[in-house]
Structures are given as structure tokens and as C-alpha cells.
Amino acid sequence: MKNRLKVLRAERDWSQADLAVALGVSRQTVNALETGRYDPSLPLAFKIARTFDLPIESIFHDEEAV
Amino acid sequence: MAAKQIAPWRWLVALLGLSLGLGATVGIYAAMSREASVGSLILMGLVVAGLMAVGVWLVAMYWRRLDEAAREAHKWAWFWGGNVALLPLIVGLFFLLERPDLQVPLWPGLHAGPAGYVATGGFIVVFTLLIGYSLAWLYWWLWKSR
């Protein structure tokens, strides 16, 4: 699953550590999310959406969707 | 400081300290009492059980402080590291079943006899699983979060 986390974070001039604190996760987890190596759980995805004040579908893109 | 604010690694360090303390306690006890009484054995068992309960609590605190990716790394390591590590153990087991007369070396510090050989097998199983688990965890964590 692809996501726009890195772009959204850069737009707000946040570091990975800043985002990690906002989400209550480690910086390594933010990195794993940004590189697409780890897909978040539904609760974490909602938390990410709330943090960026955006709907989930504008952050995460299902690569299998037609 | 509330338990929830303590970083996960600190709980692991505490667990390591407890494990070392537990090992030292049992080792000193074993060295000092070659022929232990039943009462002292029960007392030692209670002390060890208590320390183990503290160890489980430390692990629970560590787990609660982990975020979901860190937990996923442990689950992945448990499944893949544990299962793959079983393979050489199973091969070794079948080999031993086919060669019952084989002279198997004992784990360092153990005495020849049924208990020594059972303990040797236990050590080999634990360390092999631990190595598999650790390698799998390192692979997941370093690859996913680098």
C-alpha cells in the first residue's frame, strides 16, 4: 500500500521525530510507514488521518484498487 | 515517573538485570549447598518463582510500551525465527534417533548422566530458538525501519 506520508510531513516541515511524537510511535515506525515497508493498523491509519486533518483515502492508496 | 512513560529499552535492561541476578542466585545456591535440604529447596523454588513473576511483569511493561510496528517485529520473529530454527533441531533429533550409540558432548559445566543430557538438550533447544528469533527480529527491524 502506497502513502503520501513523506510528502505531507515535508509540507508541514515536520521531522520524522515530530510525526512520531504526534502519533505516539517510534521514529523507526514512521520511517517504516513512509517507505511503505509497514502498513499501519486501522486505528493508527485513522490517527494519521486526524493528525494531518485529511481523509484516510487521500493519504493511503490501495495499489490493488481498479 | 509513571510506568507508561518509561522507554521500552529500560524495561529490557531491567529484565536483563533480573535474569543475571536470578542466575547468580541459583548459581551461588548450587555452589553452597551440595546436599540441600527439602526446606531450603522449597525456599529456593519460591524465590525463583517470585523473581520469574517479576520478570513476566517487566516483559508485560515492555510490551505495553511498544508501538504496533515494534510488536509486529516480535510476532514476525517469533513465527519465522522460531519455526526456521526448529528445522536444524528436528534434523538433529532424527540424526540422534538413527545413531543411538553416538557419543554426544555435554553442555559445558554439566555432569554425565540423565539429568545432564536432558539439560544439554534443553540448552541447545533454547539457544537455537533464541538465535533464530534474534536473527529474524534483526532482519525485520533493520530492513523495515532503516
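In this predicted model, Glu68(B) counts as partly exposed because 14 C-beta neighbours lie inside 10 Å of it, a count that falls between the limit of 12 or fewer for exposed residues and that of 20 or more for buried ones.

**Glu68(B) and its surroundings**

- Leaving out residues up to four places away in sequence, Glu68(B) touches Ser41(A) and Leu44(A).
- Between Glu68(B) and Thr120(B), which are 52 residues apart along the chain, the C-alpha separation is 36 Å.

**The nonpolar core**

- The largest nonpolar core has 13 residues, and those with the most contacts inside it are Leu33(A), Ala69(B) and Ala73(B).
- Ala69(B), once its neighbours within four places in sequence are set aside, is in contact with Val25(A), Thr29(A), Ala32(A) and Tyr38(A).

**The contact between chains A and B**

- Chain A brings 10 residues to the contact, and chain B brings 7 residues.
- On the side of chain A that touches chain B, the largest share, 4 residues, comes from α3(A).
- Sorted by class, that side of chain A has 4 nonpolar, 5 polar and 1 charged residues.

**Helix α3 of chain A**

- Because 6 of its 8 residues are buried, α3(A) is largely enclosed by the rest of the structure.
- The buried residues of α3(A) are Gln28(A), Thr29(A), Val30(A), Asn31(A), Ala32(A) and Leu33(A); among them, Leu33(A) is also one of the residues with the most contacts inside the largest nonpolar core.
- The cover over these buried residues includes β1 (2–3), α1 (5–11) and α2 of chain A, together with α3 and α4 of chain B.
- Helix α2 (residues 16–23) of chain A and helix α3 (residues 27–34) of chain A have axes that come within 8 Å and cross at roughly 105°.
- Since angles of 65 to 115 degrees count as roughly perpendicular, α2(A) and α3(A) are therefore roughly perpendicular to each other.
- In this pairing, Gln16(A), Ala17(A), Leu19(A) and Ala20(A) of α2(A) meet Arg27(A), Thr29(A), Val30(A) and Asn31(A) of α3(A), and the residues of the contact divide into 4 nonpolar, 3 polar and 1 charged.
- Gly36(A), which comes just after α3(A), takes a positive phi of about 75°.

**Positive phi at residues other than glycine**

- Most residues other than glycine have a negative phi.
- Asp13(A), although it is not a glycine, has a positive phi of about 60°; Asp13(A) is found in the loop between α1 and α2 of chain A, and it counts as exposed because it has 7 C-beta neighbours inside 10 Å.
- Asp53(A), also a residue other than glycine, has a positive phi near 55°; Asp53(A) lies in the loop between α4 (42–52) and β2 (60–61) of chain A, and with 6 C-beta neighbours inside 10 Å it counts as exposed.

- Gly21(B) lies in helix α1 (residues 8–32) of chain B and counts as exposed, because it has 12 C-beta neighbours inside 10 Å and the exposed class takes in counts of 12 or fewer.
- Gly122(B) and Trp107(B) are 15 residues apart in sequence, while their C-alpha atoms are 9.8 Å apart in space.

Technical notes. Residues numbered from 1 in each chain as written. Chains lettered and ligands numbered in written order. Predicted model: local features only at pLDDT ≥ 70, side-chain atom pairs only at ≥ 80, totals over all residues. Axes fitted to C-alpha atoms, helices over the stretch in contact; angles between N-to-C directions. Helix = DSSP H or I, 4+ residues; strand = E, 2+ residues; numbered from the N terminus. Parallel < 35°, antiparallel > 145°, perpendicular 65-115°, else oblique. Contact = placed C-beta atoms within 7 Å. Nonpolar A, V, L, I, M, F, W, Y, C, P; charged D, E, K, R; others polar. Core = buried A, V, L, I, M, F, W, Y, C linked by C-beta atoms within 7 Å.
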